[in-house]
There are 2 protein chains.
Amino acid sequence: MRATNLTLLTDLYELTMMQGYFKNPTNQTVIFDMFYRVNPCGGSFAITAGLEQMIEYIENLHFTDDDIEYLRSLHIFEDDFLEYLRSFKFTGDIYAIPEGTVVFPREPLVKVIAPIMEAQLVETAILNIINHQSLIATKAARVCYAARGDGIMEFGLRRAQGPDAGIYGARAAVIGGCAGTSNVLTGQMFNVPVLGTHAHSWIMSFPDEYTAFKTYAKMYPNSCTLLVDTYDVLKSGVPNAIRVFEEMREEGVKLTHYGIRIDSGDLAYLSKEAYKMLAAAGFDDATISASSDLDEYLIDSLKTQDAKINSWGVGTNLITSKDNPAFGGVYKLAAVKDADSTNFTPKIKLSENTEKVTNPGNKTVYRIYSKSTGKIKADLICLADEVFDPDETMIIFDPADTWKKTKVLGGTYELRELLVPVIREGKRVYTSPEVMDLREYCQKEQNTLWDESRRLVNPQKVYVDLSQKLYDLKKNLLEEMSEKALD
Amino acid sequence: MRATNLTLLTDLYELTMMQGYFKNPTNQTVIFDMFYRVNPCGGSFAITAGLEQMIEYIENLHFTDDDIEYLRSLHIFEDDFLEYLRSFKFTGDIYAIPEGTVVFPREPLVKVIAPIMEAQLVETAILNIINHQSLIATKAARVCYAARGDGIMEFGLRRAQGPDAGIYGARAAVIGGCAGTSNVLTGQMFNVPVLGTHAHSWIMSFPDEYTAFKTYAKMYPNSCTLLVDTYDVLKSGVPNAIRVFEEMREEGVKLTHYGIRIDSGDLAYLSKEAYKMLAAAGFDDATISASSDLDEYLIDSLKTQDAKINSWGVGTNLITSKDNPAFGGVYKLAAVKDADSTNFTPKIKLSENTEKVTNPGNKTVYRIYSKSTGKIKADLICLADEVFDPDETMIIFDPADTWKKTKVLGGTYELRELLVPVIREGKRVYTSPEVMDLREYCQKEQNTLWDESRRLVNPQKVYVDLSQKLYDLKKNLLEEMSEKALD
């Protein structure tokens with residue numbers, strides 16, 4: 001039976017660490033950042049998604065009696081800790097970048113400020129939810145970009161990694177730009193368009209293709225896309241479809257949403273030939289939709305070859321993000337405040353790999369837009385209490401190659417803080433927009449990127465810089481730790 | 001909020017087709033086969049999984065009032081059809097190959113015999129559930145094979161494609177051979193071992209590494225695996241771990257489950273050096289566990305280099321089956337029986353690609369075992385009513401290259417029918433074993449493969465042949481259809 005309480009959707013070590021903190025109470029409040037390091041699929045950006053499900057998870061956190069008894073049965077948790085869990089609630093604050101936003105590596109997408117036991121427990125589920133949906137939203141944005149304005153339908157439920165991957169994957173795909181999904185449950189849950197006509201089995205269950213088409217057209221005259229590749233696209237499927245369309249026309253049916261779908265064979269050749277046949281019969285406005293192992297690269301290539309396709313059904317490669325099926329989001333400790341202290345002490349995680357060294361402290365992210373173009377100039381990760389005046393000239397620099405400096409003239413830019421409060425003292429303070437509104441917002445977000453950064457292959461990187469104050473803090477901490485190591 | 005009723009977890013076209021059959025009643029009973037065409041990850045086999053969740057889905061199928069109202073709101077379904085859905089139940093029969101079984105391409109893993117409307121509706125969810133779990137069980141079998149008997153822990157929840165991918169992915173990973181999972185919810189739901197100790201954040205929240213280790217060891221003396229790579233594995237982590245183990249020994253703690261975990265750096269070098277240091281201090285029985293972007297190929301390579309690792313935590317690459325994140329199961333019409341007929345008419349789906357031509361008719365699968373070795377000689381797909389006598393010599397042949405014939409001498413082989421009834425007239429007639437029993441069964445199943453077929457790279461293919469009767473039926477249907485096409 002499906003689990004409805006996701007409180008135990010966590011790694012065991014979160015609970016063993018929690019008990020550790022419970023038994024050795026420091027009463028620390030901590031800050032964890034969720035961020036990622038590498039853009040999916042070789043792109044220059046990602047799209048955040050999953051925030052609404054993350055908030056629901058936080059709101060619903062509670063250990064049931066069954067959960068407590070299960071944990072007791074593991075013989076690693078003591079009674080006092082299990083009693084504490086019984087009344088456990090999340091009491092901290094969470095900030096996040098809204099869903100559908102274009103984001104870049106190392107920016108905190110989610111910032112959790114909470115007592116250490118609470119902040120630790122929620123790590124795994126936050127990562128699971130945000131990683132998954134951000135992955136699929138990003139992939140969808142790429143696929144839609146390749147289609148140059150044509151509609152993309154999400155068709156992948158049967159190949160998704162379980163029910164949720166289908167349900168929330170389709171949600172994320174629509175946020176990223178898909179026009180709709182074949183997944184009826186996603187349609188119901190999130191009020192997004194559901195699409196689809198018939199399968200090969202429909203055709204095969206009739207004595208012949210014409211009868212199958214005709215029966216379908218009578219039923220659905222206003223949404224009549226006929227699947228033409230069961231027997232032979234050009235010799236059988238398209239001629240039978242044209243025959244049915246002609247009969248509908250003769251019967252006075254106004255053909256509005258009608259056309260064909262091709263699900264196999266060479267889509268460029270078949271679509272061009274099919275278009276000629278349809279146009280010759282006066283059906284040049286028929287939709288020609290295609291599906292069959294599509295991804296952004298194949299769609300781009302078919303568009304370049306002038307395939308006469310204007311609607312695309314994308315399944316496996318989108319719903320699993322097949323060439324890059326994991327979004328590498330991580331959740332790292334950034335600062336600790338002891339019970340008797342009023343200030344957070346920044347924490348840093350070293351790594352042999354410089355790119356993996358974390359950014360310490362209580363941070364936020366500002367986006368710097370060019371006033372004249374509305375495009376993104378750069379993002380700035382800084383400490384949460386820093387204040388910038390857009391009338392003043394700002395010098396930003398690459399945190400790895402610090403000699404790469406850019407001067408942003410006062411008055412030429414606008415600033416927007418990306419992180420917004422979503423949970424305060426354990427309570428939701430954020431209302432998520434409807435999914436179709438997130439989709440519209442996401443379109444606008446993508447338009448703030450230069451086209452050079454949207455290119456599918458080897459795009460121009462978008463700069464994410466550190467403020468001088470954060471850079472100095474990081475440098476000092478690194479030097480302090482490396483000196484300690486020499487002792 | 002999480003959906004608990006998965007009835008609408010289907011593609012819209014299943015419902016539009018259903019209405020089509022409802023409005024044009026033929027009262028056909030049909031047979032659909034679920035099968036796959038290509039083994040995941042270049043292997044020679046797959047492991048089936050997900051059957052229990054598929055049965056639960058079938059048992060729970062029903063349209064709620066909300067579902068009906070939602071469908072009505074789409075303005076494509078008529079009142080009589082919506083009324084029919086209100087009392088909809090699955091009334092058909094389903095046969096399936098039990099979970100944990102080694103299977104091969106083109107064998108029906110699931111066979112649905114039902115009125116066409118019912119058989120059509122369930123297509124998408126059956127594929128979703130079986131595709132996902134079979135994928136992860138197969139991947140787990142490969143990873144465990146690479147580890148040559150060492151324990152594999154499933155650690156991937158944070159990178160899984162949503163909650164279900166984590167929950168059921170971990171279930172499938174255990175079926176495929178993992179010793180346990182970090183996912184507590186999977187542990188609770190399926191009574192499988194949960195594993196895990198602490199993260200870098202535990203270490204970082206203490207003033208120093210030694211104090212963090214010591215605190216942990218005091219809490220969990222019986223399960224004390226210390227993460228040694230927060231600062232420096234060999235200079236800091238391992239020496240501090242040894243200091244703690246020595247203190248425990250001095251205090252008279254019997255060290256049973258204890259050791260270190262390395263999560264970064266070169267695992268071969270670090271594990272060998274760490275082993276030397278541990279052994280020199282008298283801790284040569286400490287577990288050395290490793291995690292960090294592991295998959296079957298890296299584990300195999302580390303084993304070949306004699307890395308001193310005896311426990312492995314595998315995350316992203318297992319839970320997403322990263323190099324092959326979709327199991328290409330399909331669901332194809334195999335036969336149709338009209339209401340006024342007693343016999344099924346076999347159906348075949350043509351394709352330009354010969355491999356994609358389906359096998360027609362009401363079929364089953366027999367496994368042929370060598371009596372002397374217990375290993376699989378071949379599988380035989382045949383018509384459901386065929387009977388074979390293992391005392392008689394059997395000649396089997398490759399369905400593509402029919403001149404490749406093998407004589408199996410009477411008395412030297414045993415037969416086992418793989419498909420078993422799981423649903424009869426809509427009711428469950430099958431009780432799934434516990435997951436840990438499925439794991440044990442799956443180990444035995446893998447031992448029926450020759451080692452040559454378990455090799456990770458370019459393994460020997462296992463033969464799946466067609467019976468003479470099925471072969472003739474398929475050939476005749478193909479010729480009939482191609483002659484029709486010439487007309």
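Visitor: Which side chain does Asp164(A) meet in a salt bridge?

Guide: Asp164(A) pairs with Arg2(B), at 2.7 Å from N to O. Keep in mind that this is a predicted model.

Visitor: Where do those two sit, Asp164(A) and Arg2(B)?

Guide: Asp164(A) is in helix α7 of chain A, residues 163-176, while Arg2(B) is in the segment before α1 (12-23) of chain B, so the pair joins two chains.

Visitor: Is Asp164(A) buried or exposed?

Guide: Asp164(A) is buried, at 0% relative accessibility.

Visitor: Switching topic: what does Glu440(A) form a salt bridge with?

Guide: With Lys444(A), where the closest N and O atoms are 3.8 Å apart. They are four residues apart in helix α15 (residues 435-446) of chain A, which means about one helical turn separates them.

Visitor: Is Lys444(A) buried or exposed?

Guide: Lys444(A) is exposed, with a relative accessible area of 54%. Glu440(A) is partly exposed, at 47%.

Visitor: What about Glu83(A), which residue is its salt-bridge partner?

Guide: That's Arg86(A), with 3.3 Å between the closest N and O atoms. Both are in helix α4 (residues 79-86) of chain A, three residues apart, so about one helical turn lies between them. Glu83(A) is partly exposed at 41%, and Arg86(A) is partly exposed at 33%.

Visitor: How many salt bridges are there over all chains?

Guide: A search of the whole structure gives 62.

Methods
Residues numbered from 1 in each chain as written. Chains lettered and ligands numbered in written order. Predicted model: local features only at pLDDT ≥ 70, side-chain atom pairs only at ≥ 80, totals over all residues. Heavy atoms only, no water. Salt bridge = Lys/Arg side-chain N within 4 Å of Asp/Glu carboxyl O. Buried < 20%, exposed > 50% of the residue type's maximum accessible area, 1.4 Å probe, protein only.
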